[in-house]
Amino acid sequence: MTASKADQALYEREREHEALNQHAIVSIADAAGTITYVNDKFCEISGYRREELLGQNHRIIKSGEHPVEFYRELWRTIASGNTWQGEVCNRRKDGRLYWVESTITPFLDSNGIPYQYVSIRTDITHVKAAEAAVRASEARLNFLVSSSPVSIYSCATCPPYVVTYVSPNVKAMLGFTPEQFTDNPNFWADNIHPEDRERVLGELARLSELDFQEHEYRFRTHGGNYRWVHDMLRLIRDEDGKPLEIVGYWFDITERKRAEQQAEAHKERLRRGQVYANIGTWDWNIQTGELFWTERIAPLFGHREGELETSYENFLAAVHPDDRNAVVDAVNACIECDVPYEIEHRVVWPDGTVRWLLERGAVLRDAAGKPRQMLGVVQDIDDRKRAELALAERERQLREAQTLARIGNWVADIRTGHLAWSDEIYRIFGYEPGSFEPSVAAFHAAVHPDDREKVRESEQRAEKTGRHDVVHRIVRPDGTVRHVHELAQAEVDAAGNLLKLAGTVQDITERVEAEQALIAAREEAERANQAKSEFLSSMSHELRTPMNAILGFAQLLEFDNRLNRDQKDNVHEISKAGYHLLDLINEVLDLSKIEAGRIDLSIEPVGLAGLIEECLNLVQPLAMARNIGLASQCDQGAAMRADRIRLKQTLLNLLSNAIKYNREGGHVFLSVQSAERNFLCLSVTDTGIGIPAEKLNEIFQPFHRLHAGDNHVEGTGIGLNISQRLIEMMGGSIGVNSTVGVGSTFWIELPEANIVTPDGVPVATDNATPALAAEQLYQVLYIEDNPANIKLMTSILTQRRHIRLATAHTPALGLELALSRMPDLILLDINMPDMDGYELMHIFQGNVGLKNIPVVAITANAMPHDLARSRKAGFVEYLTKPLDVARFLQVVDALLDGKTR
């Protein structure tokens with residue numbers, strides 16, 4: 001029984017010990033304070049392992065929060081054998097503090113001396129934290145109530161939210177006493193600004209959702225004006241969660257609101273100003289690299305507002321690659337040397353658009369001069385910059401144009417004698433630009449002595465007419481005489497006295513010399529033509545007189561029956577040769593008349609059906625002699641605008657050639673078809689041996705005979721040339737297509753016409769007037785020294801029947817043809833002997849009549865600088881060899897179409 005009790009007692013002690021260990025923090029220390037035992041709870045709360053604690057003093061968990069006297073009193077108590085109780089702040093291994101409520105009991109030996117100390121502690125850290133919070137809360141509340149500018153209040157939880165308490169300082173804030181709030185249930189709600197009341201009360205009705213709200217609204221003061229208050233409130237609930245009251249405070253924020261409104265107004269004005277001026281500002285912290293910029297900067301870089309991440313790298317990435325180094329150098333110079341940051345540069349937007357920006361900035365430094373911050377502005381100057389660049393480019397082009405055209409501008413003050421002129425005038429007068437100060441006296445001194453009176457008379461006329469226009473000579477310092485054209489506008493005073501002249505001087509020496517040479521050449525040509533005409537007239541008379549006798553006696557002999565067969569054959573040959581010689585004389589005279597411009601044409605509607613029948617009847621005997629069939633196809637009402645006699649002459653020439661150069665037993669077919677631009681095409685097709693392609697460009701040359709080596713084919717060799725000139729004079733064109741061994745087709749194109757029958761009904765209609773059709777023919781001049789290239793161009797432009805191509809194999813001939821024919825378009829080779837295309841182009845540009853004619857360069861030079869040079873020279877297009885035919889035709893069509901418009 002005793003043993004059982006002892007066991008029971010032991011069991012109970014063990015469970016008590018277990019319960020103690022689970023709840024309390026237990027440690028045992030010897031008389032010296034060295035720890036000899038700690039339970040698991042001690043290790044857990046202190047953060048130390050047991051082996052780290054055993055053998056150590058309790059100072060290992062000393063917090064330092066208690067004064068030295070606190071620990072001395074503790075040791076005096078327990079060393080005297082008494083138990084100590086109190087609250088101790090200890091420090092965990094990780095440095096955190098924790099509070100315990102501790103009881104330290106000394107164990108005494110037989111002499112009453114402590115030999116060990118048992119400490120039992122309870123963790124009260126959470127209690128201490130709560131107490132600290134309560135104390136802090138009380139302290140804050142006391143401070144707010146006693147000294148804060150806020151007024152504390154409490155009120156009911158439902159409308160009209162009757163105020164139950166207001167701190168006394170509400171009078172200083174709003175001018176009302178606390179009693180005015182508490183005595184009148186509607187006082188608070190009634191004094192909220194009418195514009196704010198509905199919003200505040202509406203939000204207050206939802207207080208139970210979050211138990212906490214903040215409001216800013218206007219509240220009427222005792223003086224009748226309104227003050228802005230910040231109202232912060234909380235819903236207080238009981239233990240069951242039911243609302244008890246609302247507590248909160250009011251804080252006067254009127255000045256803050258005014259400052260905010262002013263700041264917002266300033267900010268809005270600044271924002272609008274930046275938007276209107278397209279300006280953005282930025283602030284760069286040099287030390288941290290942090291960059292701030294305003295909303296306008298992203299759009300300046302081509303992004304939407306807020307789309308571009310703010311960074312120095314993104315800024316540099318937006319800068320045009322060609323300007324990036326200059327921007328970086330400018331930034332570095334500002335940071336390192338305090339050079340003002342001001343630079344104009346380009347940025348490239350994400351869509352490829354290039355814009356100009358102006359940046360200005362400065363660096364802020366600390367007391368030691370170290371760069372701390374960089375501030376700046378960015379402004380869009382694209383319009384202004386492009387205008388400046390365009391102006392600079394126009395000035396450059398003007399200077400270039402003045403140099404190319406040898407023209408300069410000037411302003412002369414007649415009263416003071418002051419004269420200002422451009423650099424080109426120095427060059428015109430034979431001086432280096434800027435080599436002396438221009439003056440009216442210096443100008444007059446340069447005028448040729450024989451022309452000074454002419455210049456003075458023009459200046460005097462300018463006082464009346466307001467215009468000074470004179471061509472005269474000047475004498476350069478080296479004695480060279482140049483021709484110049486002065487053109488100016490006069491400025492006069494109220495009395496009509498000449499004050500100023502402003503105008504231009506152009507060196508027209510080459511033009512004058514060319515005109516003089518052209519006049520001389522024209523006079524010489526006219527003399528030569530006159531001499532040729534007189535010679536041909538004389539030769540016609542002299543040749544026709546003996547031919548009359550020859551053919552007359554030949555005819556008599558043909559009817560003389562006394563002649564035998566051989567003699568008659570001989571007479572026939574004489575007659576045949578005489579008529580051939582007469583045809584030659586007539587054609588040579590025709591050619592001379594055409595060249596002299598003495599052919600008179602009568603352009604009228606010509607019916608083709610009757611003309612074709614008439615011509616076929618005339619050549620029928622020649623065709624029958626060679627067993628050649630003749631056929632035709634033509635609508636009865638088909639008609640062309642032409643000179644009937646000359647059209648018949650041309651058609652007979654083509655039919656005669658088609659028969660002469662045909663094979664025995666062949667065929668000749670004549671047809672009429674519609675062509676482009678309201679033209680008709682009259683074609684003569686044979687089944688002869690054909691013409692080689694390399695000979696096609698020769699057959700219309702005078703005195704050239706097809707297959708001249710065939711003795712049986714008679715002819716003068718100028719019929720086709722005469723035909724070509726006659727057709728072109730009538731506003732048409734003539735050409736040939738041929739295949740060797742198959743045959744040839746010669747065609748004539750002339751404007752379509754209407755033939756009116758006796759009853760007044762048109763046989764055919766025409767949508768375009770003859771004058772308009774004629775105006776749609778274009779003259780194109782090709783200047784090229786290579787025959788193969790000329791042949792190629794001729795073949796290409798044959799596809800464009802509205803084009804009349806003239807060719808020149810030398811620059812001099814090309815200039816002569818350009819001046820005499822004034823073509824609609826000039827095609828110019830660059831590389832030619834004696835004078836290259838650029839030199840010839842310079843002459844064109846200096847001639848009033850030629851400078852507006854579009855000129856296309858055609859060359860084998862295909863380097864980029866050649867293209868740039870051609871544009872600078874004034875070529876409208878630059879085409880390289882080998883030609884892209886389709887592209888070439890597009891260019892020609894576009895340029896000629898532009899002249900039509």
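Strand β30 (residues 825-829) pairs with β31 in the parallel sense over four bridges, where pairing takes at least two DSSP bridges between two strands and helices (H or I, at least four residues) and strands (E, at least two) are DSSP runs numbered from the N terminus. This is a predicted model, so to speak of local features takes a pLDDT of at least 70 and side-chain atom pairs count only at pLDDT 80 or more, while totals for chains, interfaces and linings use all residues. Residues are numbered from 1 along each chain as its sequence is written, and side-chain values use heavy atoms, with hydrogens and water left out.

Back at the strands, Leu827 stands opposite Val856 in β31. On to the next neighbour: β31 and strand β32 (residues 877-880) run parallel and are joined by four bridges, and here Val856 has Glu877 as its bridge partner. β30, helix α27 (residues 837-846) and β31 together make a right-handed β-α-β unit; right-handed means that, with the strands pointing away from the viewer, the path from the first strand over the helix to the second runs clockwise. Strand β31 (residues 855-859) is mostly covered, with five of its five residues buried, buried being under 20% relative accessible area, exposed over 50% and partly exposed in between (1.4 Å probe, protein chains only). In a regular strand the side chains alternate between the two faces of the sheet. In β31 both faces are covered, with Val855, Ala857 and Thr859 buried on one side and Val856 and Ile858 on the other. Tyr838 has the charged end of Arg869 sitting over its ring, 3.7 Å from the centre; the test is NZ of Lys or CZ of Arg within 6 Å of the ring centre and within 35 degrees of the ring normal.

As for the chain overall, it has 29 helices and 32 strands, and buried residues make up 38% of its 901 residues. Of the contacts (heavy atoms within 4.5 Å) with a separation of 6 or more, 54% link residues 24 or more positions apart.

Next come the cores. A nonpolar core is a set of buried Ala, Val, Leu, Ile, Met, Phe, Trp, Tyr and Cys residues joined through side-chain atoms within 4.5 Å. The largest one has 35 residues, and Leu647 and Leu655 have the most contacts inside it. At least two residues of this core come from each of α21 (608-625), β23 (639-642), α22 (644-660), β24 (667-674), β25 (679-686), α23, β26 (733-739) and β27 (743-751), with α21 giving the most, seven residues. Leaving out residues up to four places away in sequence, Leu655 touches Cys615, Leu616, Val619, Val668, Leu670 and Val684. A second, separate core of 27 residues includes Trp284, Leu300, Ala330 and Met374.

Helix α23 (residues 719-729) has Gly719, Leu720, Asn721, Ile722, Ser723, Leu726 and Ile727 buried, and just after this helix Gly731 takes a positive phi of about 85°. In the loop between β24 and β25, Asn678 also has a positive phi, near 60°, in a residue other than glycine. Asn678 is partly exposed at 29% relative accessible area.

Aromatic pairs number 25 over the whole structure, counting rings of Phe, Tyr and Trp (its six-membered ring) with centres within 6.5 Å; planes under 30 degrees apart are stacked, over 60 edge-to-face and the rest tilted. Phe70 and Tyr71 have ring centres 5.3 Å apart and planes at 85°, so this pair is edge-to-face. Phe70 is partly exposed at 23% relative accessible area, whereas Tyr71 is buried at 18%. Phe181 and Trp250 make a tilted pair, 5.2 Å centre to centre with 35° between the planes. Because Phe181 lies in helix α7 (residues 178-183) and Trp250 in strand β10 (residues 243-252), this pair ties together parts 69 residues apart in sequence. Phe181 is buried at 0% relative accessibility, and Trp250 is buried at 2%.

The peptide bond from Pro159 to Pro160 is cis, with omega near 5°, and Pro160 lies in the loop between β6 (151-155) and β7 (163-166). Tyr161, in that loop between β6 and β7, has a positive phi of about 55° although it is not a glycine, and is buried at 5% relative accessible area. Ser63, in the loop between α3 (50-53) and α4 (68-79), is buried with a relative accessible area of 5%. Beyond its neighbours within four places in sequence, Ser63 contacts Tyr71, Cys89, Asn90, Arg91 and Leu97.
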